[in-house]
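Me: I am new to this structure and would like to learn how to read it. Could we go through a few features in turn?

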Amino acid sequence: MPSSPCAPEEVRRVACVGAGVIGGGWVAHFLARGYDVTAWDPAPDAEEKLRRLVAAAWPALEQIGLADGASPDRLTVAATLAEAVADAQFVQESAPEKLELKRSLLAQLDAAAPPGVVIASSTSGYPMTDMQTEAADPGRLVVGHPFNPPYLIPLVEVVGGKRTDAAAVEWASRFYKVAGKSVITMERELPGFIANRLQEALWREALHMVANGEATVKEIDDSITEGPGLRWAFMGPCLTFALAGGDGGMGHMLDHFGPSLKSPWTRLEAPELDDTLRAAMVEGCDEAAGSRTIAQLVAERDQGVIDVLRATGRLPRQRTEGTDGIAHTPSTMGDEK
Ligand SMILES: NC(=O)C1=CN([C@@H]2O[C@H](COP(=O)(O)OP(=O)(O)OC[C@H]3O[C@@H](n4cnc5c(N)ncnc54)[C@H](O)[C@@H]3O)[C@@H](O)[C@H]2O)C=CC1
Ligand SMILES: C[N+](C)(C)CC(=O)CC(=O)[O-]
């Protein structure tokens with residue numbers, strides 16, 4: 001692979017390919033961090049939806065602090081994929097989670113983007129080794145797995161495939177940090193990466209409980225938001241459980257509770273996602289949402305994440321009032337740029 005044409009700190013132009021929930025979220029994030037963003041999405045109504053998503057996210061982004069010069073006006077929606085990436089200095093792909101589509105799209109992006117520019121996929125679980133098979137220069141393809149919404153949740157998991165150049169992984173990790181993200185750079189490929197492997201374990205058990213009538217959607221959600229979720233925002237599951245061992249820490253915790261690992265609390269197989277389970281999950285979520293629309297829930301979630309980031313010291317607690325009446329808080333989530 002030719003080396004990247006610029007240092008991560010010098011990037012000014014980012015291309016986002018695929019502009020749905022996650023691609024749109026990336027667009028909002030990069031705009032808020034002061035980049036020029038070009039997006040492309042083949043759906044006929046993509047531009048309208050994208051601009052709506054950015055407008056809905058912007059108040060939250062203003063709250064956490066915009067980079068100098070950041071503006072939704074710095075978004076260009078390109079007519080073609082080639083136009084979108086023609087002068088990009090970094091490309092984020094967020095197309096649907098279909099392996100064949102990813103393979104062919106990444107090959108097209110590789111053919112169209114300037115030589116050496118790093119191309120990252122938002123995939124939720126495919127190893128890059130499986131996606132980079134058709135690209136002429138697989139060395140510059142990495143996974144950059146975000147969390148929804150990418151404009152508020154700091155984590156990105158970065159990992160290359162067997163044919164990825166180590167320099168591309170290093171470059172992408174550095175770039176995301178400069179762009180305000182919190183990065184885990186994985187040494188080796190793992191389907192589902194780290195966080196989704198953990199989330200899927202929880203999710204699988206939730207589906208089992210609903211399928212078996214053991215718990216409702218609301219009980220499952222409350223059990224996390226009123227319970228362990230409060231701890232997980234600032235202390236992970238391992239350290240949290242070390243405290244369950246009292247002064248004896250993790251050692252005592254394992255001696256005491258280790259045998260329960262063999263109890264039937266965990267079920268290794270995923271449940272069949274049949275029509276009945278699908279309907280139960282949809283109905284349960286509708287009930288939990290009550291009269292709140294998706295747009296209202298998104299705003300509620302965004303405010304909740306900001307409050308948690310602030311409460312846990314990852315954003316300044318004090319806000320200053322700008323002359324326009326908008327709270328401008330310098331974000332600590334992008335302090336490397
Ligand atoms: N939804 C989520 O919570 C998360 C999703 N991801 C990953 O992000 C990626 C995108 O997922 P979502 O945004 O949820 O899907 P989505 O369905 O909301 O958006 C996908 C977009 O891709 C567009 N598209 C279709 N064919 C395309 C092509 N050939 N080239 C470019 N764009 C194309 C669609 O028009 C659509 O706007 C997937 O790889 C997914 O696994 C990662 C983290 C979280
Ligand atoms: C549901 N999902 C597997 C696509 C979720 C993710 O990949 C990450 C997230 O946002 O939790």
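Me: How do the residues of the shell around ligand 1 divide into nonpolar, polar and charged?

Reply: This is a predicted model. The shell around ligand 1 holds eleven nonpolar residues, eight polar ones and three charged ones.

Me: Which of the 22 residues around ligand 1 come nearest?

Reply: The nearest are I22, D41, E97, K102 and S124. As for helices, α1 (21–32) and α4 (99–112) each contribute at least two residues to the shell.

Me: Which side chains place a polar atom by an oxygen atom of ligand 1, and at what distance?

Reply: A pair of N or O atoms within 3.5 Å is read as a polar contact. Among the side chains here, D41 has a polar atom 2.5 Å from an oxygen atom of ligand 1. For E97 the distance from a polar side-chain atom to a ligand oxygen is 2.6 Å. In K102, a side-chain N or O atom is 2.7 Å from an oxygen atom of the ligand.

Me: How much of ligand 1 does the protein bury?

Reply: On its own, ligand 1 exposes 830 Å², and the protein buries 72% of that.

Me: How do I read a pair of helices, such as α2 and α13?

Reply: Two packed helices are described by the angle and the distance between their axes. In this model, the axes of α2 (residues 46–64) and α13 (residues 294–311) come within 10 Å and cross at roughly 10°.

Me: Are α2 and α13 then roughly parallel or roughly antiparallel?

Reply: Angles under 35 degrees count as roughly parallel, so α2 and α13 are roughly parallel to each other. The crossing of α2 past α13 is right-handed.

Technical notes:
Residues are numbered from 1 along each chain as its sequence is written. Chains are lettered from A and ligands numbered from 1 in the order in which they are written. This is a predicted model: local features need pLDDT of at least 70, side-chain atom pairs count only at pLDDT 80 or more; totals for chains, interfaces and linings use all residues. Side-chain values use heavy atoms; hydrogens and water are left out. A residue is near a molecule or strand if one of its heavy atoms lies within 4 Å of it. A polar contact is a pair of N or O atoms within 3.5 Å; within protein, one must be able to donate a hydrogen and the other to accept it, and residues adjacent in sequence count only if both atoms are side-chain atoms. Accessible areas come from the Shrake-Rupley method with a 1.4 Å probe; for residues, only the protein chains shown count as cover. Helices (H or I, at least four residues) and strands (E, at least two) are DSSP runs, numbered from the N terminus. Ala, Val, Leu, Ile, Met, Phe, Trp, Tyr, Cys and Pro count as nonpolar, Asp, Glu, Lys and Arg as charged, and the others, Gly among them, as polar. Axes are lines fitted to C-alpha atoms, for helices over the stretch in contact, and angles run from 0 to 180 degrees between N-to-C directions. Angles under 35 degrees count as roughly parallel, over 145 as roughly antiparallel, 65 to 115 as roughly perpendicular and the rest as oblique. A crossing is left-handed if the near helix is turned anticlockwise from the far one by less than a right angle, and right-handed if clockwise.
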